[in-house]
Each structure stands twice: as C-alpha cells, then as structure tokens.
Amino acid sequence: MEMTPRMKQILQRLLQESAAVSVKYLAEQIGVSRRTVQRELESVSASLKDYDLAFVSKTGVGIWLEGSRKEKERLLAALSAGDDYDVSNREERRKRLVLEILKEKGLRKLFYYSSKFEVSEATVSADLEAVEGWLARYGLFVIRKPGSGISIEGSEESYRRAIRAFIDENLDTDIMREVYGEDGYDLSSYRVLKKGNIGQILNNDIVKRVMVCLTNLDHDRVLTLTENSYVGLVIHISIAINRIRKNEVMEYDVNWKQDITRDEDYELAEKIVQKLEQEFAIDIPKVEVSYICLHLKGAKHEKIQWSEDAQMQLENKKLQQLVNEMIDAYDKKQAYLLKQDDGFIQGLLAHLQPTLIRLVYGMSIQNPVLEDIKVTYPEMYRRCEDVAAVLEGYTGKKVPEQEIGFLTVHFGAAMVRLEGRKEKIRKVQVGVICSSGIGISRLMASKLEKVFHGRMQLTAYGKYEVTPYVMSRTDFFISSIPIEQPDIPVVFVNPLLNEEDIDNIRHMITKYERMPKKQKEADEFSMQLEEINLVASQINTVIKYMDLFRVDNRISFGELLIAIGEKMSPYSDCQEMIREDLLRREQIASQVFAEFGFALFHARTKGVMRPAFSICMTKDLAPFANPYFKGIGIVFVMLAPVDANAKLNGDIMGYISSMLIEEYEFLELVGKGDKEEIRTALSRSLKKYFHKYIGSFTG
C-alpha cells in the first residue's frame, strides 16, 4: 500500500478518534491547513483498498473510519511499521545518517543514502562532514574510498561507545517505561519507540529478555538503580548480546585496565553474565563482565550504597553535611541562599553518589565540555576547585579536572537562578536587519530563537524599515550589513552567526534584560496610534482598490503579464516595471500552484505606489487553456511598493496568501466570479488581521 506521509498522519489520527470529527479539527491536530487535509482525503478510499474499512463523510456530523476493531488494528500496525520523518529537517536527517552508519559499518555509496533520505548526494556529503566530528569523539573515523563508497574505521569498543552515546542523546525513558513497564508490553508505545531513532538499534526480543534476567536476580544493587541508570544498563547489555550473537565480539585492548577488584559489583556482574548465558545460550567473553562491573560502579542509585570491601558506610545525614561544607567552600556569603535551593541540593546529592564511587575506585570520566567551561566560567571553575578540596578531604583521592567541570555546571546553574531571583529580568526587544528584511535576517532569527529562546522578542527588518518608531521600541539590533543610523545600538555579525557573534549577542541580552523598558509609556502610546493609523490606511487601500478582471482563455503567460501591468497601472513605464518584476520572480520559482488550483504572482515593484491585490480569471470562468498554467482557473496578483513600509505591506500580503490556502470557502467564492462578494469576504478576513494587530500592542 503506497501512501503519502500526510495520508498516514491523517489515518493514524482518525484511528485514534472514537467519534466523528470535523476536517478543521483534523487539520489542527496534524498541524496543516484544512485545504491540505481535504486534498488528501480525495484519495483516502484508494489508500484503504486493502482493508475492510470505509471512509465516511456526513455533512453536519463529520468524518470517520467505519469497520471492525480487528481491521482498524491491522491498519494501525501497517501505518506504524513505516519510518516516516521530515527529510527537510536537517538535524533529524543527520541523526538518521549517524544511525545508518552505526547500524552497518560496511561500504556504502553516497547514492544509497541520498535515495534513502530523498536528498541529493551533495546534501548527504555535507551531512557526512557535519557528523564526522561526533563520530571521531568516540574513535570512529569516516574513510572515503573513491568509486567504492564509505567505511568506518575504529575498534569494536569505539563502535559500542558511539552507539551507547547515540542512545543516551536520543533516549526517552518515559517511552521505555511505557513499553517495558511492570504492566506488561505496551504495543502502541512500542510502535512509537520502534519508529524513533532508538528503536532502529534495539532488538525488542533481546531487551525484554535482558530485563527479565535482571529482575529475576532480585539484587539491591540493581533494584536501587535510578530509572536512567537502569535503562542504560539494559541497553548496554542488549547491545553487547546483539553483537555477540552476530559474532562481532569486542576486541581486547591491551591498554585497558583489566585488574578490576573482585568486589560486590564484580560478583554481581558475573551473576548477570551467568544468567544471560543461560537465557541466550551463548558464551560471553570475560571482558563483558568487566564492562558491566564498571557500568554498575558509575551508575546512579536511588540511595547510596557502598561495597563492603570499601568499608565506607556513608549515611544520608553525613552526605548532607558534606554538601553543606562544599557550598560553604564555594561562597560563604551566598551559602545560606544556595542551601535554600531545593533543586540544586537534590541535583548535587544525586550527582555526588556516582562521583564518590568513581573517586574511591579511581574510575575516570569524560567531560567533553571541560575546556569550554574553564574558558567561559573561569571564576566559577576556580571556586569549584575549592569545593573539590572538600571532596579530597573526605575520600583521600585527588579530584580530576573532569569532575570539577561537572561540579561547575551544578554550582553555575544554581548561581544563575540565584541572580535571577535577585534581579527583575525582562524579555529584550531585538531587531534583526538585512537588505530586504525577508532573507538572511529570517535565517538568523531562526537560529537565535533556538539559542536564546524565551530571553528576547525577535523582529526582522529591512535596512530601510528602521524608522524612529521601530527604534523607540527596540533595545538593540543585530545586522549582517552596514547601516546608516549611527545612533542605534547594533551588533554586527556574520550572516551565519559564529560563536563570537553569539557571545557578543549574549552580552547585549544580559545587559538589556536587566534595564527598564526603553520607551516612556506616553511617547510609546503616541507612536502606536500613528502605526495603527498607517495599518488601517494600508488595509483600506487594499480593500478599496481590489479588482477582478477577465482575459481570454487561450492567453499565454507573457501576454498575461502585459495584461496585468495594464490593469494595475495607467502609466506605460510603470506597466513595464510591473511586468519585469513579476517575470523575474516567476523565473526564480514558478508561482503556479496546480495543487491549489491557482497562481499567485507577487513582487515588490516601483510600478505601484500602494499595495495592490487583484484577481484574474478567464472570460467563461473555465481553466486557462495554455499548458503553462497547468489547468488552473484563477490568478491572484499581489504587488507591494518599494518604500519604507515594506514590512507592513509584506505582513498584510502574507496574511492574504495564508488565507488563500487555508480558507477554502474564500477560494470557492472567488470561483463564482462575483467581484463585490469577493471584496466583502476580503474585508471580513482583513478585519480579523487588524484586530489581531491591535491586540499585539496590549498582549
């Protein structure tokens, strides 16, 4: 059964509903327009041909799937078996590339990955370069062999560490608990897991049997593991079992420390291995005992437990005393306030349990952000060296830099919260500038939203849109181009935003979020009135001068552009500018949308002095005959002048564009060809935009 990813989403949603639903509701749940859902539903019957199910649509009631529960479950299973994802999501696509590399180390050509991900080989090559650093961190190196493909070089130990890290970064323990919880195997939750990144690596049968083995041991060192540590142990063992069954046994590393003390953890690891050998009828190398032992030693527990050989019984009260002394060592003046931060205390206690075990047993830990911590937070790191001295006094062991780095993270987060409680922090108003206001600035804004989400309100502007009103309500600007206003605070950046740019922006945000709002309320209200008046005027212009004209059915694209120019302006020079600007925009990417049944020709042009919206149709309201128009019957024309109101005009025209796609009733009304009815509907829709715009000043 061939289905589009969107059709699968629609059917999955309908299967979850117990009663009829509206198309609008369905569209909202999926996150697409109602028109998109309606278009997909036209082929829903063909998608259900292999099932004894019927798609039912009843006016005034809604839509639903009719059929037996058994057939619905069969369809749901088929839908869930797929592996759909958004190929345009670069981060997700690169995760999938890492996943493919980890699943199979054999040679693969770029064409294999480009076909699988539905992107070009050049895109795959760029993705590969982006993930090489991540792989190298775990000792895996990409080797390109011209004509034969790509291979990964690295030890089996490195390979497993990379898989373990990938799982750690993508693991959802809530789903793991739902799938393999005490209430039994949850099929619906397992489908979610299986479709995700982790489900592609894990073998369901192995995971369940490993968990049974661990449960049957009934050992305190296993039962007291935190959820994350328990899931980590299960995954570690499951990967090892899967590799052993494939005869991919880990190589011995002569440099690896083999003389681990035979203590309680080692004996427990041996018992686990014995159970696993019985369960899976395999021989497990001794090296796996050592690795399981290390995992147990470094894991977090609900309550701290020490091996009897270590002769260290540290009760919770003593551990609390240790935490208090560590806080005093960090900052005696702020110690009292830090001790009131319950989240910090609980987090530090949980972190200390495996930390103390690692120190006592001399176990090392990697800290990939250590150098960044030392450079970015030098004073906090120095204070945590004093904290580490307290730990050294308790354990008699030197605390490595890596552990000090992790302590810095805990104390640093607590200090940020403390400072935040002391100061009144507000959201900073930031303008992002580029030459047009619609290109690279929006790209930068997207990245900044991810880095500084919640700390600032971003607005994109063209270089000529920074008016006195805009400056009055903006704290500072970020620009990738030179700007003429010398008096405004601005951070000049590389369009792709490097680390130095991000750091400079962070300093500006920190500065302004602690300052009162820039504009006095009285002055701001006056400026708001002026802007509202301008918006009302522009909207009124669009509605008042909206036009509908008809042309011959056989008209060509070039002839239509001439006709549009003549209709939109009485001046020959302006007509030619309109024609040239529309042609230039169409040559970039065709604006004829056969799937929606219309074309949307739009441009910023010096050929008009005001924003303009018009509709062109054939004389008999039938589709255009010329093949260029792909069978459409309506052409919408939107023109905006080249002036200081580019952003406002763009927002209004953008709202109309969304309306054309999302409000199917408007498109049906246009198809009837009644100019005044269309004007009334346009006015009604833009009234909503105006009310929303006014609301933005009081929100």
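1. The model is predicted, with local features needing pLDDT of at least 70 and side-chain atom pairs counting only at pLDDT 80 or more, while totals for chains, interfaces and linings use all residues. Residues are numbered from 1 along each chain as its sequence is written, and side-chain values use heavy atoms, leaving out hydrogens and water.

2. Start with helix α7, residues 110-117, where Tyr113, Ser114 and Phe117 are buried (under 20% relative accessible area with a 1.4 Å probe, protein chains only). Helices here are DSSP runs of H or I with at least four residues, strands are E runs of at least two, and both are numbered from the N terminus. Viewed down the α7 axis, the buried residues fall within an arc of 100°, so they line one face of the helix; the arc is that of the directions from the helix axis to the C-beta atoms.

3. Next, look at strand β7 (residues 476-479), which is covered on both faces: Phe476 and Ile478 are buried on one side, Phe477 and Ser479 on the other. Its partner is β8 (residues 490-492), in the parallel sense over three bridges; strands pair if DSSP finds at least two bridges between them. Phe477 stands opposite Val490 of β8.

4. Finally, there is an open, mixed sheet of five strands, ordered β9-β12-β13-β11-β10. β9 (547-551) and β10 (592-593) are at the edges with a single partner strand each, so one side of each has no neighbour in the sheet. Within the sheet, β12 (residues 612-618) and β13 (residues 634-641) pair in the antiparallel sense over six bridges, and Met617 stands opposite Ile634 in β13.

Technical notes
Buried < 20%, exposed > 50% of the residue type's maximum accessible area, 1.4 Å probe, protein only.
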